[in-house]
Amino acid sequence: MSDIASILEKSLHHEYAKESEAQMAALENHEGFATEVLRVVSNEGYPMNIRLSGAVFFKNFIRRKWLDEDGNYKVSEVDVKMIKKEVIGLMIQLPPSLQAQIGEAVSIIADSEFPQRWPELIDELVVRIGEDMLVNRGVLVVAHSIFKRWRPLFRSDELFLEIKLVLDKFSVPFLKLFKHVDELVDQNVNSKEHLEVLLDVLLLLVKIYYDLNCQDIPEFFEDNLAAGMSLMHKYLLFNPPVLKNDEEEEQADLLTKVKTAICELIQLYTIRYEDVFGKLIPDFMKCTWDLLIETDNKPKNDLLVSKALTFMSSTARIPAQAGFYQDEEHLNKIITAIIIPNIRIRQADEELFEDDPIEFIRLDLEGADSESRKKSALELLKVLKEQNQSSVTSIGMKYVNQYLHEYLQSPSENWRSKDLALNLYSALAVKGTITSNGVTSINLLLNVVEFFTITVATDLVSDQVNPILKVDAIKYIYTFRNQLTKEQLIEAFQLLSTHLNNSEYVVYTYTAITLEKILSIKQHGKPLFQKADIPTNVLQLLITNLFQLITSKDSSPEKLAENEFLMICVMRILVVSEDAINHLSKEILTQLLRIIQSIAKNPSNPKFTHYTFESIAAVAKYQKTIDDDLLELVVPQLLPILAEDVQEFVPYIFQILAFLLEKYSSTKPLPTAYGQLIKPLMSPTVWEFKGNIPAVTRLLQAIIQQSPQSFATDADITPVLGVFQKLIASKVNDTYGFDLLETIFFNIDFTRLANYTKTAAMLLLQRLQNSKTEKFVKRFVVMMATFASISEKDQKLVRNASLLGPDFVIQFVDSVQNGIFGQILTNFIIPSSDGFNNLRDRNVIVIGLTNLISTSSQFYSPEGKYRLQLIPLLDKLTHLVTTESISGYLKTEDELDTSENEEFLFGSSFNKLNSIPYVPFTPVLTLSLSSQDLIRQFFKERLGQLNENCGGTLGQIFGSLSVESQQGLASMGI
């Protein structure tokens, strides 16, 4: 235990972090390791920072090592039993900071173990509930960590059985404890010390109340609705003088957190269980109204106000409450007493604007994850407007004009009034939701372009205006960009571009955000702006200014990577520019690589990292060719980061390296740097991280494609096939195994592969027999069809084209067992061949299977092994070819979208670079037959070939087809 503690202590120091990580990795497979870590966490003799480090490690260890993708334990059975035996009792005794980490681990364990493999869990919790409130708190922390898993899940019988098991054992003691805590609160209402302990427990009780009701209202809670909701009502109004603290501005106290959790709960009941809860809604509306009016505007109350406003919005949507919200007097009071105070800028907001501008932007952006009172107030206004657009617009505009008038009386003093007016007007003008794509519908009672021209535009050009009003003006364009014509947007674009030189952080950042969104606009599915729309010198200036803004903050890696919005704008300009600024490619790449090298020292912002690599990818994408000079510029800068194992960057670097090689001249030898990567790529450690697998597979494919001669001996081939075996055995990664096998068969000398093809076929058929999934079967079918589609036209990309084709497919499968291909056809290929939703796969299957029956004598010869499969295959192909509607199929080009991903995380996830997506090999014949008519013509011609091979007897075979197939063939003139 002391060794583990000392390693954890070293891990706290940055210079020893990698060494400590390696030492822990060396120990973690030893039996008893996990429980030793838990003992360090529970040992009060160690400093808190070591215990916390241990708790975080334990949580991540459980996440990585508890189960594999097939649900099998990755730790020993002994450790599984010991962890489940000790973790609950240990967690209950821990301080809150440690409980939070271990609680996440318990949630992960419970996800796989409870209830089937851990049926005693709830009994262990219930038996510990008693008079000791600290112990009760620990029990409730564990319970909440388990039950909160239910909140985002889809309804299922299995889920409801689990919830029922919990309710049967937990609901009675839960409500009993709730009532007991309530009694103790009444008894200790003048004791701050006791109240804080009790409110801590009460907060968990309210959260668990939500957990237990999140999927459906249980009969127990419906029977005890009056008791439960009277407690909620009581604590919404609860304000004992002893807890009053006017000095605290930022941190919400326990009572505020309790009220926040209650607002979430009553919103759930309002939305989901109105039939039961409906008669209580007016009482909760009244106390929530009072709560909103009485609660001050300090940041500590923000989440409470946000949740209370959200509850009010949910009640406004209920027809039974429509009368209240359509009354003009009520509407006026709501707008003046609740909405306007909560969208008015506060001193705390101004301080955030100056002191932490990036946080100001993230809180302010529409669609940001964070909840704020301003967003919730505007959402309430939107709901009211949906119910009564005319009255709400009229009342709202009265105040817009009032505040604009106040501003005009003294612009320098009353700028806050204009800020309020602009926010209120925007909210009134928007119809529907503001998404990352902007506003799609507006309030037709208002003219947003005219308002911009008269009221907003002056703030964009004035140097005397308050910077927050300048941000408001920029944000107005951001919000209503879809309502402007292309000509107006170009004019706005030019005006906005100058603001990248503004000294205010929020101003130039919102400028970058808005420029990027303008360039992202699509009409009819196509980008509105092309490279010709923006002069090259403007693009060049924008890139230069953005890099200056990014690198001016380079005092530390964290500060450099702080503002992802600037890098997103860089990426978008590069994508729109295409090859227009290729003369600057090397300068741009040098800047980007310098940034990568800096932030690699301490990766801190996943979004910034992603878009930096996305920008490198965009530059590479639009090069006519990748020459040696460009490789020499990029590759040597990236390889040291691989050597240092900066895991957050590794998947990105593999994608970049793969793309550069894919675009490199195929007539040149493999660059030395890539040749030196082959052996490291075979290392099992590279494949341990899930996020590496798609990218490292792609890189390995690119190397094989470029230099198959690098895999000329058994010693070279065996490791690659070992990778294939590992991938194909995985339900998560099997698709990459298929990609790799295709590349191997396409390129490596078949005389070298002769000893391995049967083994590869056996591995595939074993998966089909023992652990098939729909995804696996479909990918198997596509690979077989791809091999059958190969023709001499593919010789340029497929070195082994002459060896592949329909007969190879049959021989490959039959190498496992003579005649088994017939079973594979009947059980897998034919049934699943019409279950594809994209044109590329559909066409590959049609062409591959048509080739199979028309050119392989095993189908058309009287002595053919698979002549009995000819009719079922013809039936299926005729159905595929004659199906009129293909509107449901996705085209490959529709799947590529270089818009930003919503979420990027460092860790085990793979973040694809959208500028350079992996493009699967498609046979030339498939590419050439891109329309339904061409596919039908091909099918018709091949049936003619089949008829010749059958000696003119195909007409007799048609008589055995289904009526539907015969009609389909007739419609084609066959």
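This is a predicted model: local features need pLDDT of at least 70, side-chain atom pairs count only at pLDDT 80 or more; totals for chains, interfaces and linings use all residues.
Me: What box do the C-alpha atoms fill?

Reply: Roughly 95 × 70 × 65 Å, taken along the principal axes.

Me: And how many helices and strands?

Reply: There are 53 helices and 4 strands; these are DSSP runs numbered from the N terminus, helices being H or I with at least four residues and strands E with at least two.

Me: What share of the residues is buried?

Reply: 53% of the 974 residues, where buried means under 20% relative accessible area (1.4 Å probe, protein chains only).

Me: Pick a helix. How covered is H27?

Reply: Mostly covered, with 15 of its 16 residues buried. H27 runs over residues 505–520 and reaches 23 Å from first C-alpha to last, close to the expected 22 Å. The expected span is 1.5 Å times one less than the number of residues.

Me: What about H10, how many of its residues are buried?

Reply: 16 of the 22 residues of H10 are buried, so the helix is largely enclosed by the rest of the structure. H10 covers residues 192–213 and spans 31 Å, close to the 32 Å expected.

Me: Changing topic, where does Lys418 sit, and is Lys418 buried or exposed?

Reply: Lys418 is in helix H23 (residues 415–429), and Lys418 counts as buried because its relative accessibility is 3%.

Me: Which residues does Lys418 touch?

Reply: Leaving out residues up to four places away in sequence, Lys418 touches Tyr403, Leu404, Tyr407, Thr455, Thr458, Asp459 and Leu469. Contact means heavy atoms within 4.5 Å.

Me: Then Glu562: where is Glu562 placed, and which residues does Glu562 touch?

Reply: Glu562 is in the loop between helix H29 (557–560) and helix H30 (564–577). With the sequence neighbours up to four places away not counted, Glu562 touches Ile358, Arg362, Tyr505 and Asn605.

Me: Why does Glu562 count as buried?

Reply: Because the relative accessibility of Glu562 is 16%.

Me: Last one: what share of contacts joins residues at least 24 apart?

Reply: 74%, among contacts between residues at least 6 apart in sequence.

Terms used:
Residues are numbered from 1 along each chain as its sequence is written. Side-chain values use heavy atoms; hydrogens and water are left out. Buried means under 20% relative accessible area, exposed over 50%, partly exposed in between (1.4 Å probe, protein chains only).
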